[in-house]
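Hi,

Here is the structure I said I'd pass on.

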Amino acid sequence: MAEVDFYVLQGESAPEPQQFACRLLDTVYRRGLEVHVHVSGPQAARDLDDRLWSFSAGAFVPHRVVGSAGRAPVWIGWEAPAQPGEVLLNLSEEVPLFFSGFRRVLELVPAHGDGLPRARERYRFYRERGYPLRQHKLGGGA
């Protein structure tokens with residue numbers, strides 16, 4: 001059964017979600033794990049691809065957008081992967097139907113905006129089905 005981690009970006013000093021996603025991917029990659037990043041569509045995939053090249057001067061996260069040539073430990077896509085893997089980072093607003101094929105699922109909860117109610121819905125979805133949930137609160141302030 002997949003374990004689900006929610007990263008709650010809270011308060012005035014909350015990290016920006018895309019920047020935090022890049023740092024999280026860097027951490028997971030450095031631990032030697034493969035990650036599928038599920039995004040809402042092709043534009044979101046291109047945006048994350050661009051961000052991964054520039055989020056930190058000292059970091060490099062080998063990645064590819066699904067459909068491009070080559071292999072990398074981090075792959076970005078908007079459809080179900082051909083084969084599930086170790087870690088799924090969900091950056092879409094819906095629970096991907098294929099999430100249970102992964103050992104760990106990572107979800108971001110934005111501090112503000114329209115994404116917060118959707119994140120709460122995803123949390124309820126996993127909880128009601130009995131998945132082990134963990135919360136990691138990041139940021140602070142009012």
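Predicted model: local features only at pLDDT ≥ 70, side-chain atom pairs only at ≥ 80, totals over all residues.

Residues are numbered from 1 along each chain as its sequence is written, and side-chain values use heavy atoms, with hydrogens and water left out.

**Salt bridges**

Searching the whole structure gives 10 salt bridges (a side-chain nitrogen of Lys or Arg within 4 Å of a carboxyl oxygen of Asp or Glu). Helices (H or I, at least four residues) and strands (E, at least two) are DSSP runs, numbered from the N terminus. For accessibility, buried is under 20% relative accessible area, exposed is over 50%, and partly exposed is in between (1.4 Å probe, protein chains only).

- Arg 134 and Asp 5 pair up at 2.8 Å, N to O. That joins distant parts of the chain, strand β7 (residues 133-139) for Arg 134 and strand β1 (residues 3-10) for Asp 5, 129 residues apart. Asp 5 is buried at 0% relative accessible area, whereas Arg 134 is partly exposed at 34%. Both belong to a salt-bridge network that also takes in Glu 3 and Arg 104.
- Arg 30 and Asp 26 have their closest N and O atoms 3.0 Å apart. They sit about one helical turn from each other, because they are 4 residues apart in helix α1 (residues 17-30). Arg 30 is exposed, at 55%, but Asp 26 is buried, at 12%.
- Glu 107 and Arg 122 meet at 2.6 Å, N to O. Here strand β6 (residues 104-109) is linked to helix α3 (residues 115-128), with the two residues 15 apart. Glu 107 and Arg 122 are both buried.

**Nonpolar cores**

A nonpolar core here is a set of buried Ala, Val, Leu, Ile, Met, Phe, Trp, Tyr and Cys residues joined through side-chain atoms within 4.5 Å. The largest has 24 residues, and those touching the most other members are Leu 24, Leu 25, Val 35, Val 37, Leu 48, Leu 52 and Leu 89. Elements that each supply at least two residues include β1, α2 (42-54) and β5 (87-90). Helix α1 gives the most, with 6 residues.

Which residues does Leu 24 touch, not counting those up to four places away in sequence? Tyr 7, Leu 89, Leu 106 and Leu 108, where contact means heavy atoms within 4.5 Å.

Cheers
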